[in-house]
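Dear colleague,

Please find below the structure that I am handing over to you. My findings follow after it.

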Amino acid sequence: MELVDLIDKNWNSYERKRFIKDDTKTKTDDFDPEAFKHDGFDDREAYLETYAPALAAEERLEQELNNFTPPRLSEINNSPYQALVIRYGILRQLIQQPDYNMEKSELIEAVQDWQRDLIQSYDEDDFSETDDLLHLAQAAVDYKGQVDDSELHMVFSYFELHNSANDSKHEYYTWLDFFQRLSAIGRFPKVSRSDSPEHAHDTIEKGIWSLQEQALVYEVDASGYNELVGIPEDYIEKVRDWLYYEMSDENYRQMLETLEVFDRQSVLIEAREHFGVTGKNYGKNENRRENIVQAGVYPSELLTEVVPKDDLKHIVDKYGLDAHKLKTEDMVSTIIEYFELSQKSVQEDEPKVDLYLDAYEDIADGAVTDVPPQLQDIVDADNPSEKLDVLFEDATGEIFREVFNLEGTNQLGQQATGVVADGEIEQDGQWLLWDNKRRRQEFRLGSDARSKIKNYIDTKSEQHDVEWFLIIAPDFTEQATSNALQLEMQIGTDIRLVRAEDLKRLAELWQENYAAEGRELPLSVFTGSEIFGVETAAGWLETQFS
């Protein structure tokens, strides 16, 4: 989402009500809503045409990220350091989320957990007595016992000097390094109080408001999502640079485990020597990979320095990534983005059907870079387009079998010969056929497609009674609707156009409200014409199972 599009998509989140009358203000007793409100929030056109472009200016964003004067919400413990920590924690948690969005309550909890983990993870023994940043951290709190504005600017200036003197990013100093040292000497901000456990949440929430004031984050009210806090897309790269963030450690490990090049002992040993990686590996590649992550070697450095260009080309081809294969830098950045973004919604040991369900819309519309490698690697096909065709069929069959509990599901497209649909389902002597149409544009159900579908149905009808034929695609043209009605009148079988998004929503509805051992989704839920509607199906299911 582009910043300029936020108004048209979620204008309600920028209305005067959002910033003046909402209950979230009750915790900030001496907060001045009028001072908080930006010019333009009460004028949609002024915000879109005048204010939004100014917000996206690089100079302004640079100033907001590196200016350590406390924001107007000075209730954040009246400390520039506390404000910096909260700002860093919020942006770091957001940048790791799908679409860079997170519900506010979950974000507050995640930031508090991040702070707790940092406090518990470090003590002075973790750093050598000659560690210059540890000495700088100690010096920063010697004056009046706290880190203040001048000390923060001193540290930031030292970062710039130190980093410019080093060629490798893993040797750079970052704010996280500074926070680690302060945690080790017990000077990291408190995040919980036994007598007031809500204190930390209140402080973090005020930090979110502060970032909103600076427009580094925005808040969205969307149907079904409650409150979401996100980073405007224009700011993503700037925020990532400020955080020195390329990929979460979890996704970094997943990338190393997935890519064949990191199964080679020679490559891992070269990385160890090139980047001075320490730590015992006991001769195991698994330990060597873990040591690389723990050593803070940046993924971009690792891919650029030790992975041959031919291997980079192979990775790009294998996963169908859009990268200029003559430019190493382009391939490296694309690979990092793929393993970071595609992994965000994947949980360890998640059942295959849940992986299929999470990625179903991305598989359907051919968004290769959003389909996790765990799924792409299931299919043995060299052509990424063919791979996604198979994935779409497999995912649909898996949803029918595992989510809707339809044991009569049988996939046909990849195994059978002759005139067949992609799959069939039998229930109580009635049959449903389906066909997947993966594409980036809307499906129009042209004459060739109608002819094939008629042949599918005619062939099956020689043996069985076909009641329903589903066409599953990302979306459909208006012409597809009338063409489906025409075909339905011609052959006497219900032709249902089903958006991938709606099949996923139906699956989630079924899982949440109706799934039970031995219970199948009644195929009659698909009875009808034109485009399948989840709301109608929901009402029908409620009647059936009330």
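With which residue does R264 form a salt bridge, and how far apart are the closest N and O atoms? The partner is D311, and the distance between the closest N and O atoms is 2.6 Å. R264 sits in the loop between α13 (249-258) and α14 (265-275), while D311 belongs to helix α17 (residues 309-318), so this pair ties together parts that are 47 residues apart in sequence. R264 is partly exposed, because its relative accessibility is 36%. D311, at 14% relative accessibility, counts as buried because the cut-off for that class is under 20%. Please note that the model is a predicted one.

Further salt bridges

A search of the whole structure finds 24 salt bridges. Among them is the pair of K460 and E424, whose closest N and O atoms are 2.6 Å apart. This pair links distant parts of the chain: K460 is in helix α23 (residues 447-461) and E424 is in strand β5 (residues 423-427), 36 residues apart. K460 is buried, with a relative accessibility of 13%, and E424 is also buried, at 8%.

Another salt bridge brings together the side chains of R499 and D502, at 3.6 Å from N to O. These two residues belong to one network, in which salt bridges that share partners join D475, R499, D502, R505 and E535. R499 is partly exposed, with a relative accessible area of 25%, whereas D502 counts as buried at 6% relative accessibility.

The six-stranded sheet

In what order do the strands of the open sheet follow one another? The order is β4-β5-β6-β7-β8-β9, and the pairing is mixed. β4 (409-411) and β9 (530-531) are the edge strands, each of which pairs on one side only.

β5 and β6 run antiparallel and are joined by five bridges; here G423 stands opposite W434 of β6. The two strands form a hairpin with two residues between them, and D428 in the turn has a positive phi of about 55 degrees.

Is strand β6 (residues 430-436) mostly covered or mostly uncovered, and how many of its residues are buried? The strand is mostly covered, with six of its seven residues buried. On its other pairing, β6 runs parallel to β7, and six bridges join the two. The bridge partner of W434 in β7 is L470.

A negative surface patch

Which residues form the negative surface patch? The patch is made up of D99, E237, D241, E337 and D370. One of these, D370, lies in the loop between α20 (360-364) and α21 (373-376). D370 is partly exposed, because its relative accessible area is 33%.

With kind regards

Note on methods: Residues are numbered from 1 along each chain as its sequence is written. This is a predicted model: local features need pLDDT of at least 70, side-chain atom pairs count only at pLDDT 80 or more; totals for chains, interfaces and linings use all residues. Side-chain values use heavy atoms; hydrogens and water are left out. Patches are made of residues with over 30% relative accessible area and no salt bridge: like charges are joined within 9 Å, nonpolar side chains (Val, Leu, Ile, Met, Phe, Trp, Tyr) within 5 Å. Accessible areas come from the Shrake-Rupley method with a 1.4 Å probe; for residues, only the protein chains shown count as cover. A salt bridge is a side-chain nitrogen of Lys or Arg within 4 Å of a carboxyl oxygen of Asp or Glu. Lys and Arg count as positive and Asp and Glu as negative; His and the chain ends are not counted. The place of a charge is taken as NZ of Lys, CZ of Arg, CG of Asp or CD of Glu. Helices (H or I, at least four residues) and strands (E, at least two) are DSSP runs, numbered from the N terminus. Buried means under 20% relative accessible area, exposed over 50%, partly exposed in between (1.4 Å probe, protein chains only). Two strands pair if DSSP finds at least two bridges between them.
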